[in-house]
Every structure is written in C-alpha cells, then in structure tokens.
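Q: I would like to learn how to read a sheet and a pocket from a set of coordinates. Where should I start?

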Amino acid sequence: MEKGARYKLKIIENVSLKNLNTFKIDVKAKFFCEVTNKEDILELSDEGFFKKKWIILGGGSNVLFLDDFDGIVIKNRISGFEELLKDEEKVIIKANSGELWDVFVDYCVTNSFYGAENLSLIPGTVGASPIQNIGAYGTEVSEIIFSVEYFDIKSKSFRTIEKSLCEFGYRESIFKNDLKNKTIITSVNFKLSVKPNYKLIYKPLSDIFADKEKRSLSEIRNKIIEIRTSKLPDTDVFGNAGSFFKNPEITPDEFERLKREYPDIVSFKTESGNVKISAGWLIEKTGLKGFKKGNVGTYNQQALVILNFGGAKGNEIIQFSEFISAEVLNMFKINLTPEVNIIY
C-alpha cells in the first residue's frame, strides 16, 4: 500500500527484501522507500521516520537480516561522482553514497587515478566503504578517503568530517561506533594520485607485477578481479556476504606458539606489532571448508564464506557461524568476530 497522499516520497508497506540482500534472506520491511537525493533524506527526517526503527540499505552485500524489519528500510540510490580538484599530483573526487563501489573504482582506473585499484570488485556502495573501512589485497579505503559528508539525525543538518577524525581501523570507523545510528553518509571525497603509485604488498600481486615495465592500472585491476572471482561465489547462485569473519589479531608470543605447532599458518604483520591470522586458514584447519549443515555451509573454495544454499533463515546462518567460531576457539583458543552487519 502506497502512502502517496501524505508523502512526496513513495513509502511502500510490507516489501520483500529477498532480492535486496546478497544473502537472499526472505524477510520483509514494514516500510520501504528509495532516496535519490539529500532532500529525500530531509523529508524522511521531517516526517519522523528516524525517531523509529530505520536502516539504510546500499548494495545489501554486508548485512544479515534475522527477521522481518519492523521499521523503514531506506534504499540508497543517491548516485554519481565528480572531480572537485585536479593538479599535477592528485585528484579529489566526490562520489555520492548510493553509487556502486566498483563503478567508482572502474572510473578511477580508466582515468589513471591511482589508489583504488586493489579494491576492485568489492560489492556494495560508496557510502558503505568508510563505515566498514573496506579493504583487500594490502589496501584499505581509508588510505584514499579525504573526507566524508553525512546527515546528522539529531541536528537535521549535513556535515563534513575530515579523515583524521573518522577513527579508521581494521574494519572499523567512527560510523560503526560513536556515530552509529546517528548519521547517514551522503557522499565521500577521495584523494587519489595522478602519478603512478602502486601498492603490491600482497604476494600474488608482487610476484606477477615485479617487472615494473609490465605494470598498469588496468592489468592490476583485471588480475584482482580474476583472483576474487576464483575465490568468491556468485551471489546469484548462492546467497552469501563474502567474508563472514574478520581476520583475528594475536600477540607475537601467541603467534610463535601457534607457528611451532602449525608451521604453515597464514599470517600478516600489522602496524601495531601484532599478527593478523587468516580466518579462512583457521576454519579450513578445523576441517570445515566445504562443510554443509542443512541449508547452510562454507564455500569449498574459501572457508571464510558462508553460503545460503537456498531457503535458509537468518538464524540458521547465525547458528552455523557460531558453530564455526566454537570449533576455531576449541582448536586454536582464538575468537572469531563477524564482519557482517547483523540486523536484529
């Protein structure tokens, strides 16, 4: 039922979200609407929707709904991007929050702007990128963020926060903590290099592109797309949200203890001095790679990915993830933390 008489925006009741989340969980939103500009957000605020239960939905690629959503689901379709500044060293691009992330990356690569290429083919929208501080292949999005514009729910105003105040960390930001449920990101300003500036610390990339003469943004992007495609399942075939867990960090002493027992352990050094352990490796070592239980299982090419084989409920996926966590904790004494945003 549409509420056309009261709202300029089209507010629809009892909308299925199955095709709007990549886990393909069949739940409904009590209310649903699409926003295409900042004025739409102001209208929702004026009508009091943010005083009740609400959620912004981008690509739906990092959420897990446990039940029907008893509030309003706002689909972000504020798209587009523009160059704000360009000189001999850098370019600053404003990208609207509803723009697809990989469309933005493709634009950067096509125009020889360096910095986003390692984040190719990550699903979702631009607006989700700073919240999660998305990262892959040795790069985090915080490295290229200049500032973030957001709508402040309480003051009903649009504000800009500089990168230095965003409290970025591994899959962390101020938007997941102090500003959670208090803001809606409307655009992100990115600062990229116009001079060659590759980041090839990820070994498969450094091995392939060791010869500087063979490097190009398009070749690096294509290789990353090839790697991601080989490791991650198609969401059109199996519902999933990519990596379900974060890679846990442990102390150097804990790492040395594990390495003595497991010489093949997959690890990465961090700036803090701790050691990050591959969550996928941990799960695989428990024997759960390719394991299936009912409608849920782990991907046989990447144990870090939990699959909905069809018809799974959100609670089934949570229970399965807790089973995996318990097995890892029992074997390694390491806690796994979900990377996926769980919607209760």
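A: Start with pairing: two strands count as paired if DSSP finds at least two bridges between them. The model here is predicted. In it, β6 and β7 (residues 90–96) run antiparallel and are joined by five bridges. Within this pair, Glu83 stands opposite Ile93 of β7.

Q: What is the order of the strands in the open sheet?

A: The five strands follow the order β6-β7-β12-β10-β11, and the pairing is antiparallel. From one strand to the next, the twist averages 20 degrees.

Q: Which strands does helix α1 lie across?

A: Helix α1, residues 38–46, lies across β10, β11 and β12. To β10 the helix runs at about 35 degrees.

Q: How is a pocket found, and what is the volume of the second largest pocket?

A: Rolling a probe the size of a water molecule over the atoms shows where empty space is left. For the second largest pocket the volume is about 230 Å³.

Q: Which residues lie nearest the centre of that pocket?

A: Of the 15 lining residues, Tyr114, Gly115, Glu143, Ile144 and Asn197 lie nearest the centre. The elements giving two or more residues to this lining are β10 (145–152) and β12 (183–193). β12 supplies the largest share, three residues.

Q: How many of the lining residues are nonpolar, polar and charged?

A: The lining of the second largest pocket has six nonpolar, four polar and five charged residues.

Methods. Residues numbered from 1 in each chain as written. Predicted model: local features only at pLDDT ≥ 70, side-chain atom pairs only at ≥ 80, totals over all residues. Heavy atoms only, no water. 1 Å grid on protein atoms, 1.4 Å probe; cavity = no way out; pocket = protein on both sides within 12 Å on 5 of 7 lines; lining within 4 Å. Points joined across faces, edges and corners; volume = space filled by probe spheres on them. Helix = DSSP H or I, 4+ residues; strand = E, 2+ residues; numbered from the N terminus. Nonpolar A, V, L, I, M, F, W, Y, C, P; charged D, E, K, R; others polar. Axes fitted to C-alpha atoms, helices over the stretch in contact; angles between N-to-C directions. Contact = heavy atoms within 4.5 Å.
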